[in-house]
Amino acid sequence: MRTLLLAAVAVAALGGCSGAPTDTAGLAPHTDSSPSPSPSPSQPSEQDRAWMRGIHEGNLAEMQLGQLGAGKGGTKQIRAIGKLIVKDHTEFDTKVTKAATQLGIKLPESPTADQRADVVRLREATRKGFDQEFLAIMTNAHTQAIAATQTEIARGSSPAVVALARTALPTLEKHLAVLRQAEGGGASPSPSLSPSPGTETPVSPMTPTGHE
């Protein structure tokens, strides 16, 4: 009799368990179906930032190097190139710093250590060897600047920075042509490289001179 009573209790208990509702909602993992935000195309990428920093450093260096060329050049041609470079890079750096402020990009406060060394080298160069040294530094810097600017145009993310690179490239290439012409003993730089009154000529960004 006792055995039958225990069996009946066990069956009743099992029946109650099987009939009880099971709440598993709290155990299910929570998934957020809302789409994750995608980066804004106007935000500068690291490529954009690196290009902006590099050309700013180059501009700062070129202003100093150009001033040395304008003052110490052994020929009118070298002095004219020096003045052109100072003018162009001063104007261009104004655009670079303005764009950097708008985009929240922090720019270096001075050229690179190797660029500063180039300035010292030119400052200490004798008048006899100055022109050759000046042209070598400038040609190397512009060659690298063209490559860096073409990379920014191809890979940059920020429309504002890419547009700045597109604007700068033609004048950068003109500067290099003038430098190579001077290396070969050609004529003085073309007046067309200087901005006409009332117009704004795009100017070239410069990267480190390659002596780093």
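Helices and a salt bridge

Tutor: This is a predicted model. Helix α2 (residues 46–72) packs against helix α4 (residues 113–124) at an angle of about 5°, and their axes are 10 Å apart.

Student: Why are α2 and α4 called roughly parallel to each other?

Tutor: Angles under 35 degrees count as roughly parallel. The angle here is about 5°, and α2 and α4 are therefore roughly parallel.

Student: Which residues of α2 and α4 meet?

Tutor: From α2 there are Glu57, Gly58, Ala61, Gln64, Leu65, Leu68 and Lys72; from α4 there are Gln115, Asp118, Val119, Leu122, Arg123 and Glu124. The residues of this contact divide into 5 nonpolar, 3 polar and 5 charged.

Student: What span does helix α6 reach, and what is expected?

Tutor: Helix α6 (residues 159–183) has 25 residues, and 1.5 Å a residue gives an expected 36 Å. From its first C-alpha to its last, α6 reaches 36 Å, close to that expected value.

Student: Where does the kink in α6 lie?

Tutor: The kink, of about 30°, is at Leu169, shortly before the proline Pro170. Just after α6, Gly185 has a positive phi of about 80°.

Student: What makes the pair Glu91 and Lys87 a salt bridge?

Tutor: The rule asks for a side-chain nitrogen of Lys or Arg within 4 Å of a carboxyl oxygen of Asp or Glu. For Glu91 and Lys87 the N to O distance is 3.0 Å, so the pair meets the rule. By this rule the count comes to 4 salt bridges.

Student: How many residues apart are Glu91 and Lys87 in helix α3?

Tutor: They are 4 residues apart in α3 (residues 76–103), so about one helical turn separates Glu91 and Lys87.

Note on methods: Residues are numbered from 1 along each chain as its sequence is written. This is a predicted model: local features need pLDDT of at least 70, side-chain atom pairs count only at pLDDT 80 or more; totals for chains, interfaces and linings use all residues. Side-chain values use heavy atoms; hydrogens and water are left out. Axes are lines fitted to C-alpha atoms, for helices over the stretch in contact, and angles run from 0 to 180 degrees between N-to-C directions. Helices (H or I, at least four residues) and strands (E, at least two) are DSSP runs, numbered from the N terminus. Angles under 35 degrees count as roughly parallel, over 145 as roughly antiparallel, 65 to 115 as roughly perpendicular and the rest as oblique. Contact means heavy atoms within 4.5 Å. Ala, Val, Leu, Ile, Met, Phe, Trp, Tyr, Cys and Pro count as nonpolar, Asp, Glu, Lys and Arg as charged, and the others, Gly among them, as polar. The expected span of a helix is 1.5 Å times one less than its number of residues. The bend at a residue is the angle between axes fitted to the seven residues ending there and the seven starting there.
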